[in-house]
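These are my notebook entries on one protein structure. I set down what I looked up, entry by entry.

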Amino acid sequence: MKLSCAAVLSTCIASANASIQNPGFESSWDNWADTDPSALSGVANSGSKSAKISGSGGRVEQDVPVSANTNYRLTAYVRGSGTIGAQVNGSTFDSNASNSDWQQVSVDFNSGSASSITVFGAYNGSEGRFDDFALENLGSGSSSSSSSSSSSSSSSSGGGSCTSGSNLSVASASDDGSNDGNGPANVIDGSLATRWSSQGIKWITLDLGAAQTVKEIDIAWYKGNQRTSFFEVETSTDNSNWTVVLSGGQSSGNSADLESYDVADSSARYVRVTGSGNTANNWNSILEMDVIGCTDGGSSSSSSGGGSSSSSSSSSSSSSSGGSSSGGSGSGGGLDPNLPPSSNFDLSAWYLSVPTDNDGNGKSDDIKENALNAGYADGTYFYTAADGGMVFRCPVDGYKTSTNTSYTRTELREMLRRGDTSIATQGVNGNNWVFGSAPSAARNAAGGVDGVLRATLSVDHVTTTGDSGQVGRVIVGQIHANNDEPLRLYYRKLPGNSKGSVYMAHEPNGGSDSWYDMIGSRSSSASDPADGIALGEKWSYEVKVVGNTLTVTVSREGKADVVQVVDMSNSGYDVSEQYQYFKAGVYNQNNTGNGSDYVQATFYALEQSHN
């Protein structure tokens, strides 16, 4: 698969500044020399990887050809502490950084008589991550550097209370009780012959007994050398409010031993792994788990190991950040009601349609990726709720996205190009994804292959007026193709009923819908569903496409998951010209009600990922 420049910024940098190879570590350590303590991290400025340097002497470097007597500017994004620099004919030009979030750092220099230089990132007193290196040619001539020059790298040694490779003590393990008899205690019994197993979107929580600094987690997956498992990691101090520290995680699929996954550092007593199945089925099965970090809240170096394998793979994703650096937010906390949606959620791979027409083109307004992520909000249709959730509201009357559309919407449309307008919105290209069963040429051209969309939300209001066949229904998630919709996920609550139903439609390419009731009934005369979902009740859904298999899972706290699997082998989407993209929000399915009647939903987590 070929990732688009929009999907992975570092790939663009490699293309535009060809002198630095693999500038964002998306190809692991290719072209780089790394000196321990260093490790690949899933906490990235762009793409899915960065380099983490966690102790004295840690360093990454690459030899780069340059032109003599030329001015250059080296830039990189640094999170935490670090030094970037260039070694030129025995002199070192460098710049230091110390930031809690990603910040671009630069250093200017002249190549003198050199035909090759060494660019590097190095330890600078405490842990740091490095991403998206670039080397810009500023033109020929002599130049005085704007940063320091010395005969050696200016990284300081520093220290702390955490020893690299520290396995934290785990007091207990728990789950929601829906396991198949292979219980949670099995993941901390030291044996690879036992396991925890639970079906659907399910979590397992480790209790460390007291607050510690968590920096990494090691997991051994059941049948880990036969299939790839999907998961996210959250931490909490109170077992109630959760922060996502690793979103869109995937196992390597080639190891049955422990694999190490770098997570955003956090102080936590509880560590939760939420699994969402694997490439073979929707079971989550873990043999063993270790948590790596620092006791007593130490913040120095961290482990890069703990198991016999340190393979960590994360797909490109867009997910709610909830205030955590790695993206993603559990519904329990981390969302700031004082911030616009894009500050609580990473919306870089989405644009938004709202039912207004401020540009006067007769169609609904589209808020493109860059504008959306610059803090866009609308107090009527798209805003942050008092609890920090992301609110989508859409009335019956309003402007529509096209003349062919019957209904209004306030809805996100997936954009894998992430603001790179050189890539067209439509087409088999870097902005959209294709099925894993599509021809190889389409897979190579697309921005992603297969996909997973996960959301936690509450539907807060549905229409109560209009025709009986339309009242009370709203689409909260979709897969859209060129002209058809492989998936539409509906919530519907009829007037007089206290709870709503969830159902879905699958539309083959050029064919007619197939309908599937998941909770309650889609019927316009349905009785109140005993196991339905009330307005304002939080629930989650996961949409997963692997090849020609569509799996939709609806989850609620304390209840069994509801799973619907659709075989799409004959649906006509595995051909060269078909592309897909996710949609999420509210797509009002009533155009007959009172104009001011509306639908509204609040999202508390949203993420998507692709291979």
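**Burial and composition.** I call a residue buried when its relative accessible area is under 20%, exposed when it is over 50%, and partly exposed in between (1.4 Å probe, protein chains only). By that criterion, buried residues make up 58% of the 611 residues in the protein. The model is predicted, so I note that local features need pLDDT of at least 70 and side-chain atom pairs count only at pLDDT 80 or more, while totals for chains, interfaces and linings use all residues. Residues are numbered from 1 along each chain as its sequence is written, and side-chain values use heavy atoms, with hydrogens and water left out.

I took helices (H or I, at least four residues) and strands (E, at least two) as DSSP runs, numbered from the N terminus. The protein has four helices and 35 strands. I define a contact as heavy atoms within 4.5 Å. Of the contacts with a separation of 6 or more, 71% join residues 24 or more positions apart.

**Confidence.** I read pLDDT as the predictor's confidence in each residue, from 0 to 100. Its mean over the protein is 85, and 86% of the residues reach 70 or more. Over residues 1–18 the pLDDT is below 50, and this stretch has 55 contacts in the model beyond near neighbours in sequence. Residues 297–333 also stay under 50, with 152 contacts beyond four places in sequence.

I count two strands as paired if DSSP finds at least two bridges between them.

A505 has W515 of strand 30 as its bridge partner. S501 also belongs to strand 29 and is buried, with a relative accessible area of 4%. Leaving aside residues up to four places away in sequence, S501 touches Y490, Y491, R492, I519, G520, S521 and P529. From S501 to D517 I find 8.1 Å, C-alpha to C-alpha, across 16 residues of sequence.

**Nonpolar cores.** I treat a nonpolar core as a set of buried Ala, Val, Leu, Ile, Met, Phe, Trp, Tyr and Cys residues joined through side-chain atoms within 4.5 Å. Which members of the largest core touch the most other members? Among its 54 residues, they are W539, Y541, L550 and F603. Strand 35 (residues 598–610) gives the most to this core, with five residues. Beyond four places in sequence, the residues that F603 touches include F345, M390, F392, L457, V476 and Y541. Another core, of 27 residues, lies apart from it, with F25, V66, A86 and L135 among its members.

**Strands 13 and 14.** These strands form a hairpin with six residues between them, and N239 in the turn has a positive phi of about 65°. Five bridges join the antiparallel pair; T235 has T243 of strand 14 as its bridge partner. Is strand 14 (residues 243–250) largely enclosed or left open? Seven of its eight residues are buried, so strand 14 is largely enclosed by the rest of the structure.

T228 lies in the loop between strand 12 (202–221) and strand 13 (229–236). T228 counts as buried, at 17% relative accessibility. Its contacts beyond four places in sequence are Q250, S251, S252, G253, G277, N278 and T279.
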